[in-house]
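Open the model in your viewer and get ready to select residues. This tour goes stop by stop.

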Amino acid sequence: MKLNERELANTVKLVTSNGISKLGDILFDYVNSVWLSKLGNGSFWMAVYQSSETIVSVFVNFIGGILSDTKQRKSIIWICDIIAGLLCIALAVFVPSIWLLYAIIAVNIALSVLSSIRDPAYKAVFGEIVRKEQIGRVNSLLESCKQTIKVAGPVLAMVIAKFVGSKMALLLDGLTFIISGLLIRQLDILFETEPPVAKQSNFSKIKDAFKYLLAEKNILIVIVFASVINFILAGYELILPFASFAFSKNAYAFFLTAESVGGLLGAVASNLIQKELSSKYLFWIIDVAGLPLAVMSSLYQVSHWLFGPIICITLFNFCVSFFNIQFMTYIQTNADMTYIGRVFSIVFTAAIIFVPLGSFFFQFVMDVKDSVDYLWLGGLLTFVAGLASVIYSLNQRRAELDGDEL
């Protein structure tokens with residue numbers, strides 16, 4: 001089944017908007033990171049710049065989920081994009097140099113707030129612009145765009161900043177947000193979702209979302225599983241720059257390229273899937289993902305051939321990209337549209353909490369320069385995937401038994 005004309009138009013607008021927005025994000029972070037790194041106490045301000053995003057997102061994500069389930073999702077997205085663009089333009093044009101440091105931190109916090117409000121609505125709006133059976137294809141196209149921008153974006157950001165300067169780069173960044181917002185504003189809503197009529201407090205709305213997940217145990221198991229995987233992946237991201245040197249002096253650059261290639265191939269492969277995968281395949285994908293990671297170190301020790309680990313990293317990121325697309329598609333197609341914004345706010349908040357926890361945990365328990373860490377992380381992924389698959393199957397069986405009793 002193919003996208004119809006209106007769905008195709010929506011998809012083109014969504015993917016184009018996403019690509020422009022991602023490029024703007026990279027440009028904003030690049031310009032600010034370079035500027036902050038040149039300050040006398042640059043490492044401190046860089047830490048403040050990066051950590052402020054995480055702290056803000058934890059508190060605002062739930063507000064974004066509530067708004068997504070009670071207001072027009074398309075309006076939330078494009079208004080947030082326009083405001084973000086105007087903030088970047090104001091930073092470039094109106095802020096004097098003496099206040100620029102504090103303005104960068106403040107604008108970054110404001111952009112984090114807008115992103116936390118926007119993101120649940122962005123993921124939830126898919127169900128309003130294409131049929132459910134086409135959501136996986138849209139996610140695959142978005143991931144392909146993301147991986148392409150991930151490869152080309154940093155180089156393009158460097159060229160733009162070098163030739164037009166930091167101020168003009170921030171101005172261009174603001175324009176990317178505004179263009180992105182205007183594209184979203186043109187989306188054709190095909191399936192309206194009626195907001196709830198009953199008046200509730202925000203606390204009650206969040207509580208209802210947790211009650212919904214407790215009742216829908218299959219969705220809950222998948223979300224908890226994805227959160228644990230994010231925890232383990234934080235360990236992988238932590239050791240990659242350090243343990244890479246156990247393979248070769250220049251291995252890190254090759255590994256980063258392999259990550260992007262694997263991610264892009266995973267997105268393309270996911271796009272070839274004509275129907276939504278069963279949720280049990282989500283566990284199998286990670287089960288398979290752990291294997292190339294587990295054998296990577298041993299493969300290099302035997303052959304001393306860097307191409308082997310590069311292939312392993314490519315296959316690993318192929319599986320991770322495939323998993324991320326299918327996970328998002330699973331939530332978007334199975335969660336009730338009444339709660340979907342709040343469900344995504346829970347997903348995003350869990351990711352924000354688990355990733356830094358994973359980084360600190362693995363930094364404490366591992367020697368980050370030891371290449372054998374890849375073996376432990378790969379084995380851990382396989383173990384967790386197997387355990388989650390068993391839990392999911394037991395829950396399925398219990399649900400079937402309860403249904404027979406009724």
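The stops below cover ring pairs, nonpolar cores and salt bridges. Keep in mind that this is a predicted model.

**Stop 1**

Select F323 and F327. Both sit in helix 11, which spans residues 307-334. They are four residues apart, about one turn of the helix. How far apart are the centres of the two rings? The centres of F323 and F327 lie 6.0 Å apart. Their planes meet at 15°, and stacked means under 30 degrees, so this pair is stacked. Both F323 and F327 are buried.

Across the model, the count of aromatic pairs comes to 22.

**Stop 2: around F327**

Stay on F327 and show its surroundings. Which residues touch F327, leaving aside neighbours within four places in sequence? The contacts are V222, I223, A226, L282 and V347.

Next, colour the largest nonpolar core, which has 62 residues. F327 is among the members that touch the most others, together with F225, F255, I331 and Y374. Several helices give two or more residues to this core, including helix 7 (202-215), helix 9 (251-271), helix 10 (280-303) and helix 12 (340-365). Which helix gives the most? Helix 8 does, with 14 residues.

There is also a second, separate core of 47 residues. Select V15, V56, I104 and F177 to find some of its members.

**Stop 3: a serine in helix 13**

Select S389. This residue is in helix 13, residues 373-405. Is S389 buried or exposed? Its relative accessible area is 18%, and buried means under 20%, so S389 counts as buried. Leave out residues up to four places away in sequence, and S389 touches F283 and W284.

**Stop 4: a charge over a ring**

Select R185 and W78. The charged end of R185 sits over the ring of W78. That charged end is 4.7 Å from the ring centre.

**Stop 5: salt bridges**

How many salt bridges does the structure hold? It holds seven. Visit three of them.

First, select D188 and R6. Their closest N and O atoms are 2.7 Å apart. D188 is in the loop between helix 6 (135-185) and helix 7, while R6 is in helix 1 (residues 5-37), so the bridge ties together parts 182 residues apart in sequence. D188 is partly exposed, at 26% relative accessible area. R6 is partly exposed too, at 46%.

Second, select R131 and E7. Here the closest N and O atoms are 2.6 Å apart. R131 lies in the loop between helix 5 (126-129) and helix 6, and E7 lies in helix 1, so this bridge ties together parts 124 residues apart in sequence. E7 is buried, at 0% relative accessibility.

Third, select D69 and R342. Their side chains meet at 2.7 Å, N to O. D69 is in helix 2 (residues 42-70) and R342 is in helix 12, 273 residues apart. Both D69 and R342 are buried.

Salt bridges with shared partners join D69, R73, E128 and R342 into one network.

Notes. Residues numbered from 1 in each chain as written. Predicted model: local features only at pLDDT ≥ 70, side-chain atom pairs only at ≥ 80, totals over all residues. Heavy atoms only, no water. Phe/Tyr/Trp six-rings, centres within 6.5 Å; stacked < 30°, edge-to-face > 60°. Buried < 20%, exposed > 50% of the residue type's maximum accessible area, 1.4 Å probe, protein only. Lys NZ or Arg CZ within 6 Å of the ring centre and 35° of its normal. Contact = heavy atoms within 4.5 Å. Core = buried A, V, L, I, M, F, W, Y, C linked by side-chain atoms within 4.5 Å. Salt bridge = Lys/Arg side-chain N within 4 Å of Asp/Glu carboxyl O.
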